[in-house]
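Me: Could you take a close look at the sheet of this model and at what packs on it? I would like one connected account, with the cut-offs behind each term.

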Amino acid sequence: MKIYTLKAKQNLPISLQEAWDFLSDPKNLKTITPDYMGFKIISGADRKMYAGQIIQYIVTPVAGIKTTWVTEITHSVDKEYFVDEQRFGPYALWHHKHFVKEIPGGVEMEDIIDYKVPFGILGQLVHPFLVKPKLKEIFDYREQKLTELFGTYEHPRKKQLELV
């Protein structure tokens, strides 16, 4: 059994409250998901995020094949982190931790995803050229969209040095 890990970090020039308000609203997931994935929330996004929340989506990750994805928010600590776990969907395992913390001049957002592909050895064979690049593409898109929405982070020290 092979479990893969994807990590992504991004700094944004917004307050911790702004970051949390955006991230803890399940409806915003559509905004930061590529359009070609046909992301649509079926149910569960009528409230801000809370532990025990079940959210159902439809996504079209590959070759126009629609997939139902059901996740549960298993942990949530206000303005610190939340965890979503797949209950039904395209992965054999999906455990996604979202961390947010205040840093000088903004926030640092960090995603850590532990996942397992389905179909045993066949899934492992297609992982390097199908699954891994697709996930990278999705998180690159997410980073780009968050930068478009909230701006580019500049470290305050770097900014001061540029002014000197």
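Reply: Helix α1 lies across β4, β5, β6 and β7 (106–116), running at about 160 degrees to β6, where helices (H or I, at least four residues) and strands (E, at least two) are DSSP runs numbered from the N terminus. Angles run from 0 to 180 degrees between N-to-C directions, the axes being lines fitted to C-alpha atoms, for helices over the stretch in contact. Helix α2 also packs on the sheet, where it touches β1, β3 (54–62), β6 and β7, and its direction makes about 15 degrees with that of β1; contact here means heavy atoms within 4.5 Å.

This is a predicted model, in which local features need pLDDT of at least 70 and side-chain atom pairs count only at pLDDT 80 or more, while totals for chains, interfaces and linings use all residues. Residues are numbered from 1 along each chain as its sequence is written, and side-chain values use heavy atoms, with hydrogens and water left out.

The sheet itself is open and is formed by seven strands in the order β1-β7-β6-β5-β4-β3-β2, with antiparallel pairing; two strands pair if DSSP finds at least two bridges between them. Its edge strands are β1 (4–12) and β2 (40–43), each of which pairs on one side only, and the twist averages 25 degrees from one strand to the next.

Within this sheet, β4 and β5 run antiparallel and are joined by seven bridges, and glutamate 72 has glutamate 85, in β5, as its bridge partner. At 19% relative accessibility, glutamate 85 counts as buried (buried means under 20% relative accessible area, exposed over 50% and partly exposed in between, with a 1.4 Å probe and protein chains only). Leaving aside residues up to four places away in sequence, glutamate 85 touches Val70, Thr71, Glu72, Thr74, Trp94 and His95.

Phenylalanine 22 is buried at 13% relative accessibility, whereas phenylalanine 150 is partly exposed, with a relative accessible area of 23%.
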